[in-house]
Amino acid sequence: MHFFTPKRCATSSKIMYHDKAQAEHAAEQSFIERGAQLWVYRCQYCGTWHLTSHSPENSWVHVPLNQQIKPHSRKKGYKPRRR
């Protein structure tokens, strides 16, 4: 008997789907068979589609340290006092 072994992403080790339709179909089948609600997203590393159990509404976006907004004083030329 031959079993299908899906390709996995090298970074996240999740199953790789070639297009969004295949991934959505797999998420639908998972809900029917196991009752697990899954969402589809495109991987930033490999460019293929993956499934996740994290809702996109509750997800957070990683912002690199050099792009974060830092609080600063509105006073022109203000320097915080050294302690």
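Mentor: Start with the elements: helices (H or I, at least four residues) and strands (E, at least two) are DSSP runs, numbered from the N terminus. By that rule the chain has 1 helix and 2 strands, in the order α-β-β from the N terminus on. The model is predicted, so local features need pLDDT of at least 70 and side-chain atom pairs count only at pLDDT 80 or more, while totals for chains, interfaces and linings use all residues. Residues are numbered from 1 along each chain as its sequence is written, and side-chain values use heavy atoms, with hydrogens and water left out.

Trainee: How many bridges join strand β1 to strand β2?

Mentor: Two strands pair if DSSP finds at least two bridges between them. Here 4 bridges join β1 (residues 39–42) to β2 (residues 49–52), and the two strands run antiparallel. They form a hairpin with 6 residues between them, and Gly47 in the turn has a positive phi of about 80°. Across the pair, Arg42 stands opposite Trp49, and Tyr41 stands opposite His50.

Trainee: Is His50 buried or exposed?

Mentor: Buried means under 20% relative accessible area, exposed over 50%, and partly exposed in between (1.4 Å probe, protein chains only). His50, which lies in strand β2, is buried, with a relative accessible area of 0%. In the chain of 83 residues, buried residues make up 16%.

Trainee: Which residues cover the faces of β2?

Mentor: In a regular strand the side chains alternate between the two faces of the sheet. For β2, both faces are covered: Trp49 and Leu51 are buried on one side, His50 and Thr52 on the other.

Trainee: Which residues is His50 in contact with, leaving aside its neighbours within four places in sequence?

Mentor: Contact means heavy atoms within 4.5 Å. With those neighbours left aside, the contacts of His50 include Cys9, Ser12, Lys14, Ile15, Met16 and Tyr17, as well as Trp39, Val40, Tyr41 and Cys43. Ser12 is 38 residues from His50 along the chain, and their C-alpha atoms are separated by 9.4 Å. The side chain of His50 also reaches the backbone oxygen of Ile15 at 2.9 Å. For the chain, residues 24 or more positions apart account for 38% of the contacts with a separation of 6 or more.

Definitions and conventions: A polar contact is a pair of N or O atoms within 3.5 Å; within protein, one must be able to donate a hydrogen and the other to accept it, and residues adjacent in sequence count only if both atoms are side-chain atoms.
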